Structures are given as structure tokens and as C-alpha cells.
Amino acid sequence: MFGSLRVRNYRYYAAGQVVSLTGTWMQRAAQDWLVLELSGGSPGALGVAVALQFLPTLLLTLWAGTAADRFDKRRLLVATQTALGACGLLLGLLDVSGSAQLWQVYALCFVLGCFAAVDAPVRQSFVVEMVGPAQLTNAVALNSMTFNLARIVGPAIAGLLITAIGTGWVFIANGISSAAVVGGLLLMNVARLHRSEPVPKERGQVRAGLRYVLGRPDLVAVMVLVFCVSTFGMNFESTFAVIARNVFDRDADGYGLLITMLAVGTLSGATLAARRSRRSGSRLRLMVLGAGAFGLLEAVGSLMPSYWSFAVMLVPVGVAVMTFTTSANSTVQLAVEPSMRGRVMGLYMLLFLGGKPVGGLASGWLAEVLGPRSPLLLGGLASLVAAVACGVLLRRRRSGVADPGRLG
């Protein structure tokens, strides 16, 4: 279950990630709450902040994937993580000084999004360099466990700190926490990394990556489903803030608890994925089933009548969404050639995160027009429909041929 932790370089990375990601989730909760405070509780304003933070993904992620194939991934990550920490410190200083305005938060959301858009495909494609192909599925699952452990601890701490001392110090704490992951990257033994040969600079490298994916029906199916679920279904943070405040009349700690309950489910799902990582089986089938279960559970959860019934329902929602995301990620990484991994993961992250501006704006608009529950209900139904359609198409294509999701 923890096989990847035998690799020293990965241990350094994972330890730094635990600290840094906890700070990241603290900042996300505090940022949403600060936007609501500055805007007078407007769901639309929160949707704009989410859109601005993820808009750079549309512009930079494919380029970042090409850079990951051409340059030293570890050095790129040191630069991006340092910049992300600086964004947190600046927002914290503005907030603590009492001079933070909504437009400043919007601007920093966009700047942070630029660095995050570069960081994501580089970080995803760096995992296999730390542990090698044999441990990749396990490492992806452990990354998800780390991410969701931070997702449990971070918002819970943030909710308490926001109530006690305000949002500004939460941002400063996140800025400082980035030093942990930078330190882990600098301590790595470079000679033990499983590096592939850098791809030389050529014209049309991004187009070559797109052609590679379009020539693989199994990858196309993963990419389309990932886009649909992440854009329309995974709108948790902005939606939860509105539901906690405007439906159940809860403060920041109530919002933090909702994120924590979802994270309990996603951590459980990641743990199950780590236990399954050594087993053979169809990752594509597991991906489709996970997406369908997530959509159904999210739609049902949106109808829960009380705060606590809604919170409890988030646990199975988290298990389902993590089953989907871990199987999709490992399917893509294990299916591609090493020389294409950065570009393919750039496209993967573009589709995974690039729809967030659309999803954020749509969630804010739906919450304003149809009520705070509507983004979860309609997003869940959209995810369910996408999973059913993807499953039908894959079943028809696989008729009489080997399962393309059975990789290794």
C-alpha cells in the first residue's frame, strides 16, 4: 500500500507536499471566505474568483507540458512552488494590513493561477521520474492520499483560524508552507531519478502531442470524461461556501467542515486506490463506474434537507470522485510514451482544470438564479450522463477487441 515510500526521493517529495498542500487548502478556504466578505456574500463574485484562478490553465498548460518534456522538471517545480508561496504571502500582507480590496483578490487569483497552470503538468509528469513505471500507480494513489489528508486538515484549521484571527494570517501561513516542498525538491538525489531523454526543441511540438492523443481512442475517452466531470461536477469549494452561508446559515467553521467531510471520502477513496494499485484489471471500466457513481451521489446529496445530512452525504461522494480521478490519471500516464508524457499530461490538466472558469461562472450564475443547491444537482446529473455515454461508446469500440484500459 505504501510501496512508493521506499523510494527516498519520493519520501522527500511526499513529506514536503503534506505541509505545503495543507497550507494550500487553508488558503483556498480563506480566499473563498474573504471574497464573500468583500462582496457582501455574492455567489457571482465567488464564481468570478474561481474563473480567474483557473483561466490561465487555458492559456499556459499545453505550453507547460511541452516545457516538461524539454527541461529539468525538478528545477521547474522549485521555481513554480516558490512563486506560489510568494502569492500567498502578498495576499496575506494585504489582508492583515486591512487594505485588501476585491479587485486585488481577483488579480492575485489570476497571478496564482498562472503559476499553478505551469506547475500542474510538470508535477504530474515528474511522479514517474521519482518512482519509475512499476510504482507509478501506487505513487499516484499516495499523492491523492496526501492531497486529501491536507484537504481534511487544511480547511478545518482554516475555519478555526478565520474565526479566531481572520483570513490574512491563513494566507501568510500558506506562503511559508511552500518552503517545505521546495526543500524536499532540493534535497533529492538527482542521480536516482528515472529521467527520460529531453525532447529537442522543434516546431509544432504541441500539435504533435495533440495528434498523438487524437490517434488513441482510449485516451480521447478519458480526456472527454475528465473534462465533463471536472467542469460540471467538481465545483465543490465555491458551491460549499454558498451553501454553508446562504442555505444553512453557518460561519467559516461550518464551511470548513463541509470540505473536511468531502476530504474524508476522497482520502478513503485514495486509500482504496493505493490498495488496488498492484491488482490487474480494467482501469477504464473503473474510471467510468467511478464517474457514474459520483454523478448520482452528488445529485442525491444536493437534495439533503439538513446541514448534517448534507455533510454526511459528502463522504461517499468523495470516495466516488477519487476512484474516478486516480484511475483516469494512472490510465493516461501508463498508456503514453515517455517522450510524450509531459505534453499528454499538459492536455490532461488543461481539460481537468481548464473548464473551471466555465464551471465557476456557471455555478455562480445557477446559484444566483436557481438557488444555491442547483450547481450540485445539475453538475451531478451532467456527470452521470457523461459517464453513461462514455461507457456505451467504449463498450461498442471494444466489441471483439482487447480492453484498452488493461494496461500492464
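## Helix 3 and helix 6

The axes of helix 3 (residues 73–96) and helix 6 (residues 168–186) come within 7 Å and cross at roughly 165°. Helix 3 is therefore roughly antiparallel to helix 6 (angles over 145 degrees count as roughly antiparallel, under 35 as roughly parallel, 65 to 115 as roughly perpendicular and the rest as oblique). Axes are lines fitted to C-alpha atoms, for helices over the stretch in contact, and angles run from 0 to 180 degrees between N-to-C directions. Helices are DSSP runs (H or I, at least four residues), numbered from the N terminus.

Helix 3 passes helix 6 in a left-handed crossing (the near helix is turned anticlockwise from the far one by less than a right angle; clockwise is right-handed). The contact of helix 3 with helix 6 has 14 nonpolar, 9 polar and 2 charged residues. Ala, Val, Leu, Ile, Met, Phe, Trp, Tyr, Cys and Pro count as nonpolar, Asp, Glu, Lys and Arg as charged, and the others, Gly among them, as polar.

## Basis of the model

This is a predicted model, in which local features need pLDDT of at least 70 and side-chain atom pairs count only at pLDDT 80 or more, while totals for chains, interfaces and linings use all residues. Residues are numbered from 1 along each chain as its sequence is written, and side-chain values use heavy atoms, with hydrogens and water left out.

## Helix 1 and helix 2

Helix 1 (residues 8–39) packs against helix 2 (residues 43–70) at an angle of about 135°, with the axes 9 Å apart. That angle makes helix 1 oblique to helix 2, and the crossing is right-handed. On the helix 1 side, Gln31, Asp32, Val35, Leu36 and Ser39 meet Ala45, Leu46, Ala49 and Gln53 of helix 2 (contact means heavy atoms within 4.5 Å). The residues of this contact divide into 5 nonpolar, 3 polar and 1 charged.

Asn9 also lies in helix 1. Its relative accessible area is 2%, so Asn9 is buried (under 20% relative accessible area is buried, over 50% exposed and in between partly exposed, with a 1.4 Å probe and protein chains only). Leaving aside residues up to four places away in sequence, Asn9 touches Met130, Met188, Asn189, Arg192 and Leu193.

## Helix 8

The 17 residues of helix 8 (residues 217–233) should span 24 Å at 1.5 Å a residue, and the 23 Å between its end C-alpha atoms agrees. The expected span is 1.5 Å times one less than the number of residues. Buried residues in helix 8 include Asp218, Leu219, Val222 and Val229.

## Ser306

Ser306 sits in the loop between helix 11 (283–301) and helix 12 (307–335). With 33% relative accessibility, Ser306 counts as partly exposed. Between Ser306 and Val181 there are 39 Å in space, C-alpha to C-alpha, and the two are 125 residues apart in sequence.

Key
Helix = DSSP H or I, 4+ residues; strand = E, 2+ residues; numbered from the N terminus.
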